Number of protein chains: 2
Amino acid sequence: VSGIKAKIEEANQKTLDVLLRGQPVLVDIRPALEVVPGMTENMVLHSAPPIEWKRMCGPHRHGIAGAVVWEGLADTHDDAVSMIERGEILVEPCHHHDTVGAGAGITSATTPMLVVENKSYGNRAYSCLSEGGGLQLIKWGSYDEKIAENLTWQANVLRPVLQAAVLSAGGVDVKSIIAKAVQMGDECHNRSIAASAVFFREIAPHLLNAHEDRNVVLSCTESLAASEHFFLHAIMAAAKAVLNPAKNIPYSTVVTAMARNGVEFGIQVSGLDDVWFTAPANDVDGLFFRSEWGPEDAAPDLGDSCITETIGLGGFIQAAAPTVQQYVQGSMQDAISNTNEMREICVGTNQEVQIPAMDFAGGPIGIDIRKVVKTRIAPLIDTAITHKDHGLIGAGQVRAPLECFDKAIKAFSSKYSAG
Amino acid sequence: VSGIKAKIEEANQKTLDVLLRGQPVLVDIRPALEVVPGMTENMVLHSAPPIEWKRMCGPHRHGIAGAVVWEGLADTHDDAVSMIERGEILVEPCHHHDTVGAGAGITSATTPMLVVENKSYGNRAYSCLSEGGGLQLIKWGSYDEKIAENLTWQANVLRPVLQAAVLSAGGVDVKSIIAKAVQMGDECHNRSIAASAVFFREIAPHLLNAHEDRNVVLSCTESLAASEHFFLHAIMAAAKAVLNPAKNIPYSTVVTAMARNGVEFGIQVSGLDDVWFTAPANDVDGLFFRSEWGPEDAAPDLGDSCITETIGLGGFIQAAAPTVQQYVQGSMQDAISNTNEMREICVGTNQEVQIPAMDFAGGPIGIDIRKVVKTRIAPLIDTAITHKDHGLIGAGQVRAPLECFDKAIKAFSSKYSAG
């Protein structure tokens, strides 16, 4: 047994090392079909873990059907649903394509993708563009003409302009922006306003010559200037790019993915191949944006965005972003306690994510399933609240279900005791 | 006596009300000669309080002479000094012209000025543009060809472009940017990176059509994007614009100006006309940016920038900006203690400046000379450290001398006991 323990410790240190060495850089903006591995014209991706169409939550069903219509594969929502049911549309999790999607995670062939390269390992990961503000977005499973118009504008106008700007900038260092944003009150999940502002400051001069028509440049500049969550999607792609090289390290008990499909919560573990260990998703505790909305309107926990917690951001560094406590009526002391609690389930500390209110202590990073199972402390996730049909209705925080970790540790024991 | 006390309380509440009602908006960018009251072609302004040329500190002497050369009034530094000594150049404090200047505060006829209007009272105040980064700037009393070139570019190129952008934006709400920046780790004196980023996000779209030549737009956009202290100067002008209507309220013991000329520290008090109460300026405690620099190289406390503390920013809300503690090896707890200490000498709380790490408590505002004298707690100021000759060499914090407040309370007793 002690032999296994030493192997686990060594493997976890190696995993931690991979996470800390990651150098994610936004290098391009391309249509999904051109860059996302395995993407096809008749495929729609959604937030993980995998789930059959008939068991999907409202935001997934609405959003996926919406994407089928937006891509011109069907004329109506009902036609889209029929095609999906007949298997003419392939429906797969983003995570199976090196992609992460916020909320419903709807990603189709034409979707403009942020391409983030982990310069230390050469791998790439992807996430769609933020659609800007608003409660009705395809990201939240909503779809109508106005949403379609914005998606088409993003694909046809914003994508090539932003691509030209990113190429002109020689790429944008996501890790450096995360470090700066954490000094500016972002935890980089529910709050990425500072990251978005720092990114905008870096990219704005490069937008100027990104298109001949000044009005086009103006519309893109205005869109990016107004988008307070824009950079969250780049941070998500960066997290995935940092985590992928940490997969498949034998004996490692470190979590390499966490994701929610509105029905189930799933985790992947480095030493356990690409298996999803799932359990029913919890309800999100938080603030509803309108008085008519309450817990009974909400879908359970949804989205790939907790890839940020998987690299030690979001709920893991609440102490960096006291403003996020306003969603849960929490205090600064709650935020600090939560961050300290997350330290108990992590394998290391990320000195490049310094928390100002904790005298610049580094944030916890690398969730160890052994520690979760032993302490019964579940990862804390900052997240949005989605309506059970579709649309954004609130924001707050949620715990990962302990059952996922219990299943994973059992699988770990089976795999490595047998070996 | 109790009659006087009631009058003071009433006057102080009235003063506080004026401070809280202030609505500073950046409305224009104009050459000093066109907008600064009393400005003439042969005048150079400097940071207050008033001081004769021969007693001035190095940064003032160098900077003022530099401005005379830059304006084309003299060919050389020595010629400029002769003109100043002969009285052909008028040398006056910024504060006497509704103006505030960071560091040496050098402001001459051609200097491009941020024009901030207090919409609640209709008055205007002014501050020069930030020259961008670097240790050698006229703001720090330095002057050479490179500095002159940048000043000329700012006056001829940046000023009209930024003016057009500000007019196109219909003005920029400084109060709102301060509120956002405090949520993003700025205390708005030593740290204004978030304020500058939020301002940039607001103004960037308006820069696009501010000039026909794209290269001009590009150079201005790049300059503003790179300038991490840009918005401090707007915040300073805003502070002055908010404080001016609070002047000359009979019986008010609230401070309406604090300023340092590198030799003396001076304060003005609402109920005491425009009298400066002065005492020798203290040395700044802090971090020197190069190992060869130490306290013996530094000029004493210098600049009008502590107008920010006079409206409850900077050192008064250190708890909002733990990063600033890094200059003084302080902790988060030190920052919170300092903010709590400043509450003891203030007349009120500004609910629009919410400190995240203190569960969004409002910041203290309105320094009461009675409370300073009684508690012996001197206002705490975040500030730069200037070389005794010229140039920026560090940053840290400093206390206002208690002697200024003792003199003021004595004058107050004389004035109002007699009345």
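Which residue stands opposite Asp28(A) in β5(A)? Val115(A) does. The views below explore that pairing and other parts of this predicted model.

**View 1. Strands β1 and β5 of chain A run antiparallel.** Strand β1 covers residues 24–31 of chain A, and strand β5 covers residues 112–118. The two are joined by 7 bridges. Asp28(A) faces Val115(A) across this pairing.

**View 2. An open sheet of 4 strands in chain A.** The strand order is β6-β5-β1-β7, and the pairing is antiparallel. The edges are held by β6 (123–128) and β7 (172–173) of chain A. Each edge strand has a single partner, so one side of each lacks a neighbour in the sheet. Strands of a sheet pair through backbone hydrogen bonds, either parallel or antiparallel.

**View 3. Strand β2 of chain B and its two pairings.** β2(B) spans residues 43–46. With strand β3 (residues 90–93) of chain B, β2(B) pairs in the parallel sense over 4 bridges. With strand β4 (residues 107–108) of chain B, β2(B) pairs in the antiparallel sense over 2 bridges. Val44(B) takes part on both counts: Val91(B) stands opposite in β3(B), and Ser108(B) is the bridge partner in β4(B).

**View 4. Side chains of β2 in chain B.** Met43(B) and Leu45(B) point one way from the strand. Val44(B) and His46(B) point the other way. All of these residues are buried.

**View 5. Surroundings of His95(A).** His95(A) sits in the loop between β3 (90–93) and β4 (107–108) of chain A. Is His95(A) buried or exposed? Its relative accessible area is 4%, so His95(A) is buried. Leaving aside neighbours within four places in sequence, contacts of His95(A) include Ala48(A), Val100(A) and Lys240(A). Ala257(A), Met258(A) and Ala259(A) are also in contact with His95(A).

**View 6. Surroundings of Leu380(A).** Leu380(A) belongs to strand β15 (residues 380–386) of chain A. The residue is buried, with a relative accessible area of 2%. Not counting residues up to four places away in sequence, Leu380(A) touches Glu309(A), Gly315(A), Phe316(A) and Gln318(A), among others. Further contacts of Leu380(A) include Asn338(A), Met342(A), Gln397(A), Val398(A) and Arg399(A). Ile317(A) lies 63 residues away along the chain from Leu380(A), and their C-alpha atoms are separated by 9.7 Å.

**View 7. The largest pocket.** About 570 Å³ of space lies inside. How many residues line the largest pocket? The lining has 33 residues. Those nearest the centre are Asn190(B), His229(B), Tyr327(B), Leu392(B) and Ala395(B). By class, the lining has 14 nonpolar, 15 polar and 4 charged residues. β15 (380–386) and β16 (392–399) of chain B each supply at least two lining residues.

Notes
Residues numbered from 1 in each chain as written. Chains lettered and ligands numbered in written order. Predicted model: local features only at pLDDT ≥ 70, side-chain atom pairs only at ≥ 80, totals over all residues. Heavy atoms only, no water. Buried < 20%, exposed > 50% of the residue type's maximum accessible area, 1.4 Å probe, protein only. Pairing = 2+ DSSP bridges. 1 Å grid on protein atoms, 1.4 Å probe; cavity = no way out; pocket = protein on both sides within 12 Å on 5 of 7 lines; lining within 4 Å. Points joined across faces, edges and corners; volume = space filled by probe spheres on them. Nonpolar A, V, L, I, M, F, W, Y, C, P; charged D, E, K, R; others polar. Contact = heavy atoms within 4.5 Å.
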